[in-house]
Amino acid sequence: MGVADFVKAAEVMDTDGRRKLRKKKKNNVLLWIVIGWSVVLLGLVGYRYWDTNERSGTDGKGSLVDRMTRGGLADETVSVLTKALPECHRTLAGFLMAGTPEARNQFVLNPIDVAGKMALYYARNPFPKVDVAKIRRVGQTVVRDGENSLVVTRWKEGVEGGAEFDVVFREEAGRWKMDWEHFSQYGDYPWALFLSGDGPSEGEFRLLARVRKQSDEVEESGARISFVLLTPIWGKPNEAGMESPEFLVDRRSDEGLLMDAAFERRGEGLAVFENGFASLEPVGMIRVRVTVKRTEIGDKRRFSLEKVHACHWGTSSSPGFDVKSLKEDVFEKY
C-alpha cells in the first residue's frame with residue numbers, strides 16, 4: 001500500500017456527513033502511519049533541497065528569490081540578481097581560469113583601457129591562486145550607480161585559510177563583466193615602493209584608512225581628522241600591509257567630510273556603498289580610493305592627500321556619499 005492509499009484510508013468519510021468523527025483504534029493506527037510517512041518524506045525532500053542549495057552556494061537558506069523577498073528587497077533587485085547572477089558566476093570563473101592576459105580581457109569592464117593596467121599590475125603582482133571549484137558565493141546585492149545597476153557579490157574559498165573577496169559586476173554590451181580595478185585593489189604603483197620614494201611622485205591608489213590617535217592639540221580643536229593609509233592584502237580582508245605616515249585633513253573639506261562619514265558607517269559595522277553588507281576590513285578601517293602626492297625636500301619625504309575620489313574601491317563616479325548633503329548637515333550642526 002502506497003502513501004496515497006494510507007491518506008485515502010485515513011480520510012474516508014460517510015458521504016452523507018452523518019458519520020461521527022470518532023475513529024476506531026485501527027483507523028487511529030492508520031492515521032499515525034500516514035503522519036509518520038509524511039514526516040519521513042518531507043524530511044527527505046527537505047534534505048535534498050538543502051543539499052542542492054548548499055552545493056550551489058545559497059547556504060541552505062532557501063532560494064535566492066525567497067531569501068531576498070523575506071529580506072524585504074525590492075522586486076527590481078530580485079529581478080536584476082535572478083537575471084545577472086548565473087552570468088556573473090561564469091564571468092568570474094572564466095577570468096580566474098584564463099591562462100593569458102588576452103583571454104582575461106574579455107571578462108572585464110572597459111577592456112581596452114584596462115588591458116595595459118592589468119598587464120603591468122600582474123607583472124609586479126602574482127595572479128590570485130584560487131581553486132575555482134571550491135569558491136562559493138556567500139552574499140549578493142544590487143547598488144544603483146546613476147542609470148546603471150551594479151551587482152556586488154561576496155565569495156569565499158572553502159578551504160582552511162582560503163581567500164575571501166568581493167567582486168562587482170556591471171552590464172556592458174549586453175554582458176555582465178567584472179570591475180577588475182575593484183577586484184584587484186588596483187593602484188598606479190605598489191604602495192610600499194611609493195612610500196619608500198620609488199616610482200612616480202603622485203598616484204591614485206586603492207587603500208585602507210585607519211583613524212590615528214590624535215595629538216592633544218588636534219583632538220582639542222576637532223578641526224582636523226588624523227589617519228594613516230595602509231595597503232590591503234588580496235584575499236585576506238582582515239590583514240593590512242605597509243602603513244603610511246600621518247595625514248591631517250580639514251574635517252569640513254570634501255575629503256574630511258567623506259572620511260568622517262565613512263568612518264561613522266564603519267562604526268556601525270557596515271560597508272560603504274554596498275546596501276547593508278557588513279564590512280570585510282579589519283576593525284576600524286575603511287576603503288578609500290585616493291590620489292596621494294610625495295614631495296622630497298632635501299633628505300625629508302612628505303606625503304599629502306590630494307583627493308579622496310571615493311570611500312570604496314569601485315570605478316564608479318560616486319564617492320559613496322552625497323557630499324552636498326554632508327555639507328548641509330555640517331552647516332546645521334554648527
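Reader: Is Asp 166 buried or exposed?
Author: Asp 166 is buried, at a relative accessible area of 5%. Buried means under 20% relative accessible area, exposed is over 50%, and partly exposed is in between, with a 1.4 Å probe and protein chains only. One note before we go on: this is a predicted model, where local features need pLDDT of at least 70, side-chain atom pairs count only at pLDDT 80 or more, and totals for chains, interfaces and linings use all residues. Residues are numbered from 1 along each chain as its sequence is written, and side-chain values use heavy atoms, with hydrogens and water left out.

Reader: Thanks! Which side chain meets Asp 166 in a salt bridge?
Author: That of Arg 287, at 2.9 Å from N to O. A salt bridge here is a side-chain nitrogen of Lys or Arg within 4 Å of a carboxyl oxygen of Asp or Glu. The pair links distant parts of the chain, since Arg 287 sits in strand E9 (residues 285–297) and Asp 166 in strand E3, 121 residues apart. Helices (H or I, at least four residues) and strands (E, at least two) are DSSP runs, numbered from the N terminus. Arg 287 counts as buried too, at 8% relative accessibility.

Reader: Which residues are linked with them in a network of salt bridges?
Author: Arg 154 and Glu 281 are linked with Asp 166 and Arg 287 in that network.

Reader: And how many salt bridges does the count come to?
Author: The count is 14. Another one joins Asp 254 and Lys 327, at 3.1 Å from N to O. That pair also links distant parts of the chain, with Asp 254 in helix H10 and Lys 327 in helix H11 (residues 323–333), 73 residues apart. Asp 254 is partly exposed at 33% relative accessibility, and Lys 327 is partly exposed at 42%.

Reader: Switching topic, what's in the largest nonpolar core?
Author: It has 37 residues, of which Leu 229, Met 259 and Val 292 touch the most other members. A nonpolar core is a set of buried Ala, Val, Leu, Ile, Met, Phe, Trp, Tyr and Cys residues joined through side-chain atoms within 4.5 Å. Helix H10 (residues 254–267) gives the largest share of this core, six residues.

Reader: What does Met 259 touch?
Author: Leaving out residues up to four places away in sequence, Met 259 touches Ala 209, Ile 225, Phe 227, Ile 286, Val 288, Val 308 and Cys 311. Contact means heavy atoms within 4.5 Å. There's also a second, separate core of 29 residues, with Val 80, Phe 127, Phe 169 and Trp 176 among them.

Reader: Nice. How much space lies in the largest pocket?
Author: About 710 Å³. On a 1 Å grid over the protein atoms alone, a pocket is an open set of points with protein on both sides within 12 Å along at least five of seven lines, a cavity is a set where a 1.4 Å probe fits but cannot get out, and lining residues have an atom within 4 Å of a point. Grid points are joined across faces, edges and corners, and a volume is the space filled by probe spheres set on the points.

Reader: Which lining residues lie nearest the centre of that pocket?
Author: Of the 36 lining residues, Tyr 121, Gln 185, Pro 232, Ile 233 and Trp 234 lie nearest the centre of the largest pocket. Helix H6 gives the largest share of its lining, five residues.
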